[in-house]
Amino acid sequence: MASVDVSLGPVPETLLWTLWHRAVEARRPDRVLDDPLAVELVERIEFPFVERFGDGERLSQWQALRARCFDDEIRRFLSRHPGDTVVALGEGLETQLWRVDDGRVRWVTVDLPEVIALRRELLPLHDRNRMIAASVLDHAWTSAVPPNTDVLVTAQGLLMYLAPGEVRELITVCADRFRPGALVFDAVPRWLVERSRRGGFRTQSGYAPPAWSWGLDRGEERRLRALPHVASLAALRLPRGRRAVHGWVLPLATRVPAVRRRLLSVLVARFG
Ligand SMILES: C[S@@+](CC[C@H](N)C(=O)[O-])C[C@H]1O[C@@H](n2cnc3c(N)ncnc32)[C@H](O)[C@@H]1O
């Protein structure tokens, strides 16, 4: 298959960061995530992945476990709502649909036009996947979601790139439009957002993602819980991975709210 040269702006480029780490993990015999399509994608994309993002095992395992946390929540939703709808906001080159597909789910992808063009070029056609080339901040995308269906919205690796007011407005729109439904999302802790804004956040390999804008602390959790039609907000447990850090330290830490708030976490907001 022909290789594809990819050049994206700083925020869309972060989709290559997360894709790369899932693929690094998926290549391992003792992987925590099965994702042959991600491996195939990074083989086709012309991009200096290792030079730009490194290939550290710890970060790759963590990115893969985070994706699995989303996968598990989506599978729970599909088992209760076969044939209903998942809306993946800021989906980048996630191959989640192929990991969790139950043969019935209707899947709506929303991302910026340059990213949707790339998805169309690189990913196999899928007859239940509708793609919307738009900013999630243009709430017109909500009318592309099929009516008379239960909806699970996902925002994996997205909300930290939006301004706090934009995040709250997006959640308010989802809660109003998709109740009873839910939003699964991940959140960077507020202290790490501050550090990234001062230019002080780099991965071990030296990669600095674009500065984050929105993060979570106790006050922000309170504000989210108070949004109209947000019935509950709860952190999800990170699946267990290999070795001490991912095998028990982080999974245990995510059960203790005060510790969990210091780390990146995956949460679910239920609408009612
Ligand atoms: C870190 S990547 C995450 C991609 C994918 N969800 C994953 O986990 O691999 C961030 C994604 O959010 C998308 N994004 C950022 N701002 C957006 C916006 N305003 N509207 C739609 N997508 C946006 C980017 O284009 C990119 O695909």
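The dialogue below takes these topics in turn.

Q: What kind of model is this, and how are residues numbered?
A: This is a predicted model, in which local features need pLDDT of at least 70 and side-chain atom pairs count only at pLDDT 80 or more, while totals for chains, interfaces and linings use all residues. Residues are numbered from 1 along each chain as its sequence is written, and side-chain values use heavy atoms, with hydrogens and water left out.

Q: Which residues come nearest to the ligand?
A: A residue is near a molecule if one of its heavy atoms lies within 4 Å of it. Of the 22 residues around the ligand, Thr 18, Arg 22, Gly 90, Asp 111 and Gln 156 come nearest. Helix H1 (residues 10-26) supplies the largest share of this shell, six residues; helices are DSSP runs of H or I with at least four residues, strands are runs of E with at least two, and both are numbered from the N terminus.

Q: At what angle do H1 and helix H4 pack?
A: Axes are lines fitted to C-alpha atoms over the stretch in contact, and angles run from 0 to 180 degrees between N-to-C directions. H1 and H4 (residues 57-80) pack at about 100°, with their axes 8 Å apart. The two helices are therefore roughly perpendicular, a term for angles of 65 to 115 degrees. Contact means heavy atoms within 4.5 Å; among the residues that make it are Trp 17, Thr 18 and Arg 22 of H1 and Leu 59, Gln 63 and Arg 66 of H4.

Q: Where is the cis peptide bond, and which residue has a phi near 55°?
A: Most residues other than glycine have a negative phi, and most peptide bonds are trans. Here the bond from Arg 179 to Pro 180 is cis, with omega near -5°; Pro 180 sits in the loop between helix H7 (164-178) and strand E7 (182-187). Asn 148 has the positive phi, near 55°, and belongs to the loop between strands E5 (129-133) and E6 (151-155).

Methods:
Parallel < 35°, antiparallel > 145°, perpendicular 65-115°, else oblique.
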